[in-house]
Amino acid sequence: MIVTVTMNPSVDISYPLSILKIDNVNRVDEVSKTAGGKGLNVSRVIKQMNGELTASGVLGGNIGNFITEQLNKEGVPNRFLKINKESRNCIAILHEGHQTEILESGPILDNGEGEKYFDLFEELLNQADIVTISGSLPEGLPISYYQQLVEKSHDKGVKVLLDSSGPALKEALHFSKKPYLIKPNTDELNSLLEREVTSDIKVLKEALADSLFDGVEAVVVSMGSEGAFAKIGNEYFRVSIPKINVVNPVGSGDATIAGLAMGLDQNLPWEEILKIAMTTGMLNTMEERTGHINMKFYEKYIQQVQVKKIDY
């Protein structure tokens, strides 16, 4: 089973406007409200691929109740720690070809709530084969919190796919028990290594050979329309994808994580896992709704993904 962790979920609210009038009243005819957060996007894609999963994390208040109701309607199994604080809204205003976002920071958790989630997480680990941890940490939790989730998973022999960035990701890479897989883009590699990393193969190989990644079995560098570059053990792979009609790229990284988790859960060869991940990422970009894929196009596009081992 795959456990997806979203520590700071949200209700994603979308307001489409033909024109955004500043310092004036803006009325909208259509409003979209969905259960949001990177890990919940992962959950939905796994569900659409008929994977066995439990979505987890921390929820509170009426917003938290709405998120739970939405997941239940979509048939996504879930077990969240419920707290007496309000989860957050994230608002996107779509106007004149632009997207203006207003993101609430979410509840501030205390050490007691962090410890309570540890208890729930360890219970879920008894049934898990794979754990995905996605997105930002709520305020109040120590920067080492993800690292502690990784350590608990490691002790139970459960593989962790950590899709985060900034200090929380860097902290998790400075301990002996590391995530099984991380999925940075080149900008995040720049931040991690504090040097410029481009999409050039030689530059990428040198970057991923850095000692910071020692002990991480798989580093998959997402490169948008250029596909991906991956270091698996001591081997390197270049993954190329076909040109597609991009409708909504938001959540494509989460769909990629879902594909990676599904492939690992089925113990498939790495070349096949990378193909699955790139395909789910592409399918997400072809849909209007974030965290959704159309499986009827799956076979068509997975056949167009090319994985080449780099021997030089």
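Axes here are lines fitted to C-alpha atoms, for helices over the stretch in contact, and angles run from 0 to 180 degrees between N-to-C directions. Helices (H or I, at least four residues) and strands (E, at least two) are DSSP runs, numbered from the N terminus. The model is predicted, so local features need pLDDT of at least 70 and side-chain atom pairs count only at pLDDT 80 or more, while totals for chains, interfaces and linings use all residues. Residues are numbered from 1 along each chain as its sequence is written, and side-chain values use heavy atoms, with hydrogens and water left out.

**Exercise 1. Work out how helix 3 and helix 4 are arranged, and which residues meet.**

Step 1: find the axes. Those of helix 3 (residues 111-125) and helix 4 (residues 145-155) come within 10 Å and cross at roughly 30 degrees.

Step 2: name the arrangement. That angle makes helix 3 roughly parallel to helix 4. The cut-offs go like this: angles under 35 degrees count as roughly parallel, over 145 as roughly antiparallel, 65 to 115 as roughly perpendicular, and the rest as oblique.

Step 3: list the contacts, meaning heavy atoms within 4.5 Å. From helix 3 come Gly114, Tyr117, Phe118, Phe121, Glu122 and Leu125, and they meet Tyr145, Gln148, Leu149, Lys152 and Ser153 in helix 4.

Step 4: sort them by class. The contact of helix 3 with helix 4 has six nonpolar, three polar and two charged residues. For the sorting, Ala, Val, Leu, Ile, Met, Phe, Trp, Tyr, Cys and Pro count as nonpolar, Asp, Glu, Lys and Arg as charged, and the others, Gly among them, as polar.

**Exercise 2. Decide whether Ser153 is buried or exposed, and find its contacts.**

Step 1: Ser153 sits in helix 4.

Step 2: check its accessibility. Ser153 has a relative accessible area of 0%, so call it buried. Buried means under 20% relative accessible area, exposed over 50%, and partly exposed in between (1.4 Å probe, protein chains only).

Step 3: look around. Setting aside neighbours within four places in sequence, Ser153 touches Phe121, Leu125, Val131, Val158 and Val160.

Step 4: Glu188 is 35 residues from Ser153 along the chain, and their C-alpha atoms are separated by 24 Å.

**Exercise 3. Describe how helix 8 packs against helix 1 and helix 9.**

Step 1: take helix 1 (38-48). Its axis and that of helix 8 (residues 252-265) come within 8 Å and cross at roughly 50 degrees. Helix 1 and helix 8 are therefore oblique to each other, and their crossing is right-handed.

Step 2: name the partners. Lys38, Asn41, Val42, Val45 and Ile46 of helix 1 make the contact with Asp254, Ala255, Ile257, Ala258, Ala261 and Met262 of helix 8. By class, that gives eight nonpolar, one polar and two charged residues.

Step 3: turn to helix 9. Helix 8 and helix 9 pack at about 150 degrees, with axes 7 Å apart, so they are roughly antiparallel to each other. Helix 8 passes helix 9 in a right-handed crossing.

Step 4: sort this contact too. Its residues divide into nine nonpolar, eight polar and no charged.

**Exercise 4. Find out how covered helix 1 and helix 9 are.**

Step 1: count in helix 1. Eight of its 11 residues are buried, so that helix is mostly covered. Among the buried ones are Gly39, Leu40 and Arg44.

Step 2: count in helix 9. There, 13 of the 16 residues are buried, so helix 9 is largely enclosed by the rest of the structure.

Step 3: check the length of helix 9 (residues 270-285). At 1.5 Å a residue, its 16 residues should span 22 Å, and its end C-alpha atoms are 23 Å apart, which agrees. The expected span is 1.5 Å times one less than the number of residues.

How values were computed. Left-handed = near helix turned anticlockwise from the far one by under 90°.
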